[in-house]
Amino acid sequence: MNEAAALARWLVCPTREPIPIGVSAAQSDARAAADLLALANEHALTPLLHYRAKVAALTFTPTLAAAVRREYHLSLARNVYFYECLRELADVCAALRVELIVLKGAQLAAQYYPTLATRPMVDVDVLLARDDLPRIVDALRTRGYRIVNPEPRAGALQFENVVLLARAHTREHSPLGLHWTLLDDPFYQRILRVDDFRADARDAELSGMRCKVLAPEALLVYLAAHLALHHQWSRLLWECDLALVLAREPLNWDRVLALTQTNQLTLAVRETLRRVSEHFTLGVPREVWTHLDSSAITRAERQTWYVRTSGSQRSAGRAFWFDLQAVSGVRARAVFAWSHLFPSLSYMQRRYALSHRAQLPLAYVRRWWRGVRSLGARGRV
């Protein structure tokens, strides 16, 4: 991680940080060039590496130079396409008089990174009111979009946090993620106060279009929680996002702490900020650490944190059991259990690539067996 962190620090703060040894060596040594490419690809930093090397007039080995240039232009092409989809969605929302708030990559690439290509995206995530979702989906269908994440069974959508849409006749990957809450976890879907994050949303220009985005304080808390609870700090790209927000924004830390504590995100924000501060040597006010370290943490937050971040606990069976407990209400729990234990035929065919209906019973048994086996993983909540 030391080499990866050194690379990320230089990419985010090139005027403050020295060029890493691995980057310098990659100008002439083929082995070092291959190692650097593998490291940059692992953490989704290759487009930003190409940009920084070009600005610094670094000459990589021919193979590395071609690889980072190719990835930069692929990222640019993808992102331009995603912004086109966002513009289409924004037009739909404007026509329906629906508030749209742009999340994550589409905001970050346009506002915090040096060029659109340097922050890779795999889709466009937006925040909408749940009640507005049916009208928006219907309008997008008339424009050739289709839903690509079907419910396991009718009624199960209430336990999700996003609908994914793609243009017809394109591959399954979706360019649009329509969120009505911010974290994919039954506990946080129930207790997270999304209006707290919406409250300070502001107008911004993203690649030539006017959109609403999260305020820096809400963005920081959201990115930190998402990185910890969804991705378990697996890529440094997402830490770069946070480092850029920390480095460039005059943050209202009282607002950050209020959002964190009110929404029971103390562990996620504290541990993510600690990692980012260490990897990027960015200062966080001492009183912020004092507050985070002394904040009361509920048993439910601690349980959620342990399940979502402990490798021994992130198994299908344990995740199902924990999510089931987090669902509120007997009827809702029954719907959740039924939809996940007995998904529909269409869902099973897609999930397990079934070629014939006769394979369905065996696929169910396989699903249950894997879940039961994973319940035996050691660990405590």
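The questions and answers below take labels used for this predicted model and set each against its definition.

The model is predicted, with local features needing pLDDT of at least 70 and side-chain atom pairs pLDDT 80 or more, while totals for chains, interfaces and linings use all residues. Residues are numbered from 1 along each chain as its sequence is written, and side-chain values use heavy atoms, leaving out hydrogens and water.

Q: Why is alanine 268 called buried?
A: Buried means under 20% relative accessible area, exposed means over 50%, and partly exposed lies in between, with a 1.4 Å probe and protein chains only. Alanine 268 has 1% relative accessibility, so it counts as buried.

Q: What is alanine 268 in contact with, leaving aside its neighbours within four places in sequence?
A: Contact means heavy atoms within 4.5 Å. By that rule alanine 268 touches Ala224, Ala225, Ala228, Leu229 and Trp305. The C-alpha atoms of alanine 268 and alanine 225 are 5.1 Å apart, although 43 residues separate the two along the chain.

Q: Which helix holds alanine 268?
A: Helices are DSSP runs of H or I with at least four residues, strands are runs of E with at least two, and both are numbered from the N terminus. Alanine 268 is in α13, residues 266-280. The chain has 19 helices and 7 strands.

Q: What makes α13 mostly covered?
A: Of its 15 residues, 11 are buried, among them Thr266, Leu273 and Phe280. The cover over the buried residues of α13 includes α1 (2-12), α10 (216-231) and α15 (299-309).

Q: Is threonine 281 buried, exposed or partly exposed?
A: Threonine 281 is at 48% relative accessibility, so it counts as partly exposed. This residue lies in the loop between α13 and α14, and its phi is positive, near 45°, in a residue other than glycine.

Q: Why is lysine 104 called buried?
A: The relative accessible area of lysine 104 is 14%, so it is buried. Lysine 104 is in helix α6, residues 104-111, and has a positive phi of about 50° although it is not a glycine.

Q: What makes the pair of phenylalanine 187 and tyrosine 188 edge-to-face?
A: Rings of Phe, Tyr and Trp (its six-membered ring) pair if their centres lie within 6.5 Å; planes under 30 degrees apart are stacked, over 60 edge-to-face, and the rest tilted. The whole structure has 3 aromatic pairs. In phenylalanine 187 and tyrosine 188 the ring centres are 4.8 Å apart and the planes are at 65°, so this pair is edge-to-face. Both residues are buried.

Q: How do you know that the charged end of arginine 275 sits over the ring of tryptophan 233?
A: The rule asks for NZ of Lys or CZ of Arg within 6 Å of the ring centre and within 35 degrees of the ring normal. The charged end of arginine 275 sits over the ring of tryptophan 233, 3.8 Å from its centre. Arginine 130 is likewise over the ring of tryptophan 180, at 4.6 Å.
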